[in-house]
Amino acid sequence: MRFAPAARFAPLFAAACGPFLVPLTAGAADPAPESATHYADVVRPQLVEYCGDCHAPDDEDNHVNFLAATTDGAINDARGLWGSVAEQLRNRTMPPADSAFQPTEDERRELADWIDGFLRATACERGPYAGPVVARRLNRQEYDNTLRDLLYVDLRPAEDFPADGAGGEGFDNNGETLFSSPILLERYLAATAEVLDAAISTPRLNHTIPPSKLRPVPEENADAPRTLKPGETLSAPLTVYVAADVTVAVKFERDAAGPVTLNVDGVPVGALSVDDAGGVPPRAKATLRLERGDHVLELTNPGKSPLRINGIGVWDDRPDAPRDDALVAHERLLGVPPYQRPDAPRAGARDALARLARRAFRRPVEPAEVEALMTLYDRSARRGDPWEESVKLAARGVLLSPKFLFRTEPPQESGSPADGSEEGEPQLVDDHALASRLSYFLWASMPDEALFELADAGRLSDPAVLDAQVDRMLADPKANGLAKHFAGQWLGTREVGGRIAPDVNRFRAIFSDELLDDLNAQPAEWFLYLLREDRPLREVIDADYAVVNERLSYHYGLAEPPEKLRGDAGKTADRGKKWMHEKKVDSAFRRFDLKGEDRARRGGVLGLGGALLASSYSQRTSPVLRGAWVLETLLGIKVPSPPPDVPELKGGNNSKGTVREKLARHRADPACSACHNLMDPVGFALDNYDILGRWRTEEGGAPIDASATLPDGEAFEGPEGLRRVLLKQEDRVVRHLAAKLLGYALGRSLEDGDDCTIDRVVAEATENGATTRALVKAVVRSVPFRMIARDPAPPHDAAHENAPDEQSGAKR
């Protein structure tokens with residue numbers, strides 16, 4: 001016999017609709033506590049009903065035996081497996097689509113929420129959890145920033161690399177998705193040559209090839225001019241160390257008639273005419289672009305008379321002195337000014353490479369590691385390359401090493417278990433690895449000298465020292481890296497202005513590329529302000545200010561543009577107003593205090609135009625997308641994809657009814673109501689914002705209706721009402737932000753074992769003022785950030801069979 005969900009899953013339904021039922025109703029009584037046998041009496045029978053045909057505990061062919069857990073205590077013995085059960089219920093991948101027994105949408109959500117809630121509530125019972133650590137490749141931003149700080153030049157070659165995939169908590173620094181493809185390895189080769197050429201100045205090419213070096217080599221009188229008979233060819237090798245425009249000048253004996261044909265690497269350059277003006281020996285020359293590498297010059301006599309060749313002059317057009325930034329980079333890397341060699345060239349090279357490798361590998365280097373690099377230097381020196389080029393070759397070995405491209409994190413050699421723990425429990429990570437964790441979290445770049453010095457002294461693992469470093473590093477301009485890469489990916493605004501943009505044909509008159517750039521930058525600048533000023537976490541939801549620049553203040557209607565910028569940008573209004581395109585408006589973001597209606601409309605995360613654009617279609621706003629964005633991004637409520645048999649919501653000018661009316665009919669479908677009852681009211685409250693985040697009171701001539709009613713019956717209206725709803729769930733918003741920040745800091749997917757860490761991070765941040773910086777410090781002081789898992793050696797094969805997998809922590 002099947003029971004009605006309301007009778008059977010009352011506690012589960014309250015948990016599933018979490019923020020939109022009992023907790024939001026002022027004065028409502030707390031739900032009845034769960035019985036100690038709730039799993040055995042309620043949850044397991046439901047799972048047996050829907051899953052028992054394939055996963056019966058006594059079925060020998062059942063290899064996913066989660067139903068063997070007859071009590072909730074047994075769930076703890078297979079936490080990874082039960083996490084997968086919840087996920088597959090949400091994604092509707094189980095039970096299979098062809099199964100005759102399917103749970104309703106409410107039942108799916110209620111079961112999945114109960115499992116997730118149980119796993120979270122019992123996470124701390126298993127002690128400190130550090131989680132898995134994988135060797136993590138530097139992503140594109142980290143690679144560019146690290147090269148900038150390592151070599152003192154900012155070229156950003158990784159912009160041409162393949163895109164990094166996001167994983168885990170939605171960030172592209174997740175080690176599980178940072179793969180290495182053949183094309184990426186090719187790009188590494190090109191990038192290292194480019195950045196080292198910019199950082200280390202090789203002397204200009206200024207070379208004379210004497211007649212004796214022209215091939216075929218003469219048998220006698222090698223220094224005499226060479227005779228080039230009609231139809232014959234002479235050749236000479238040429239090594240170019242830096243890509244440049246190179247002039248090739250063929251020198252002739254007097255009275256040469258010419259011309260001579262020049263080929264480079266088998267490619268014709270052309271017939272060069274002889275110029276004997278100015279009383280110098282006649283020459284024939286050409287200027288062409290040559291890339292770094294070995295080339296072959298070929299001279300052919302196309303005429304009928306012999307030519308007497310007296311050698312070839314070759315020089316490039318680079319300036320005699322490098323640019324100021326290149327001069328600084330060269331001297332800091334090599335210890336001598338450009339174009340000077342140390343008195344002991346090999347010893348000078350070794351010292352320079354040892355310094356570079358220590359910083360590039362982000363730890364002290366062994367003498368053997370430096371000697372391995374010196375074999376590259378010696379090879380180049382033996383073939384006669386310039387000293388700078390010999391150092392560059394060895395430096396390329398540094399930049400192409402996995403020790404540079406990947407972050408590996410050993411534990412401290414002395415072994416420092418957490419809380420006096422025994423074998424198998426976490427221990428402190430090595431101080432140099434901790435310095436890298438901290439710098440790549442806050443700067444998306446390598447540690448600086450202050451962090452290296454603290455790591456060398458073994459002081460960085462001191463919590464007080466860590467706190468001081470967080471304050472110092474967040475005040476540094478490089479903290480923009482955290483704000484930009486974390487906020488843009490957390491809020492989904494990173495692609496605004498690129499993949500995410502309004503339809504040009506429909507909205508050209510109300511936006512510009514410059515405006516989209518500002519909408520893209522605003523979330524990062526807003527989050528950076530929260531960090532730098534150590535603002536209360538509550539201001540994520542509600543604040544009496546906005547962080548805007550001059551253009552956005554006009555866009556949002558917070559300020560009036562000057563008269564000269566109010567007119568149309570073009571001859572007609574279809575290109576928008578001048579202030580949208582004006583390059584000279586103040587681009588700096590500042591706090592803008594809000595009052596009156598602006599206070600209700602623009603404060604906090606809900607007023608960010610980039611987020612409102614990212615949660616719209618390119619041609620119209622969408623209450624569904626915006627509601628789902630709030631649920632997932634701010635509250636951490638997973639919104640499943642629509643069932644496959646649900647019809648698409650029809651739109652367009654020819655369809656009858658408003659979007660609100662169409663969604664009401666959509667919610668009447670039981671397959672749709674479970675999710676849309678949560679999403680739609682939230683999205684309706686944001687309908688006063690147009691696709692670009694501007695405030696509007698009507699759409700298509702009809703007034704905007706921003707009223708909404710939650711499933712528990714609570715009514716509210718507009719973004720101000722939605723903020724009140726979210727403030728009642730402030731703890732949940734802060735917890736989800738903490739989880740996102742932890743996932744970004746660790747560069748991995750969070751697991752059920754991390755639930756305890758998240759709760760502790762939130763509690764610690766709350767105890768220290770519930771500010772944004774307090775949250776960052778709590779993440780930095782957490783067990784998985786400062787520690788590394790230490791697994792005991794299995795005593796026998798059976799133990800090995802059940803050992804946690806290194807990557808996922810799930811049992812094999």
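Helix H6 gives the largest share of the lining of the second largest cavity, 3 residues. Helices here are DSSP runs (H or I, at least four residues), numbered from the N terminus. Keep in mind that this is a predicted model, where local features need pLDDT of at least 70, side-chain atom pairs count only at pLDDT 80 or more, and totals for chains, interfaces and linings use all residues. Residues are numbered from 1 along each chain as its sequence is written, and side-chain values use heavy atoms, leaving out hydrogens and water.

**The second largest cavity**

- A cavity is a set of points on a 1 Å grid over the protein atoms alone where a 1.4 Å probe fits but cannot get out, and lining residues have an atom within 4 Å of a point.
- This one has a volume of about 90 Å³, with volume being the space filled by probe spheres set on the points.
- Its lining has 10 residues, and Arg90, Glu105, Arg108, Arg109 and Pro640 lie nearest the centre.
- Domain 1 (37–126) and domain 3 (487–725) both give residues to that lining, so the cavity lies between them; the domain bounds come from an automatic or database assignment.

**The largest cavity**

- About 180 Å³ of space lies in the largest cavity.
- Pro132, Val133, Glu409, Arg437 and Leu746 are the residues nearest its centre, out of 15 in the lining.

**Phe441**

- Phe441 touches Leu482, Leu741, Tyr744, Ala745, Val776, Val779, Val780 and Phe785, not counting residues up to four places away in sequence; contact means heavy atoms within 4.5 Å.

Notes: On a 1 Å grid over the protein atoms alone, a cavity is a set of points where a 1.4 Å probe fits but cannot get out, and a pocket is an open set with protein on both sides within 12 Å along at least five of seven lines; lining residues have an atom within 4 Å of a point. Helices (H or I, at least four residues) and strands (E, at least two) are DSSP runs, numbered from the N terminus.
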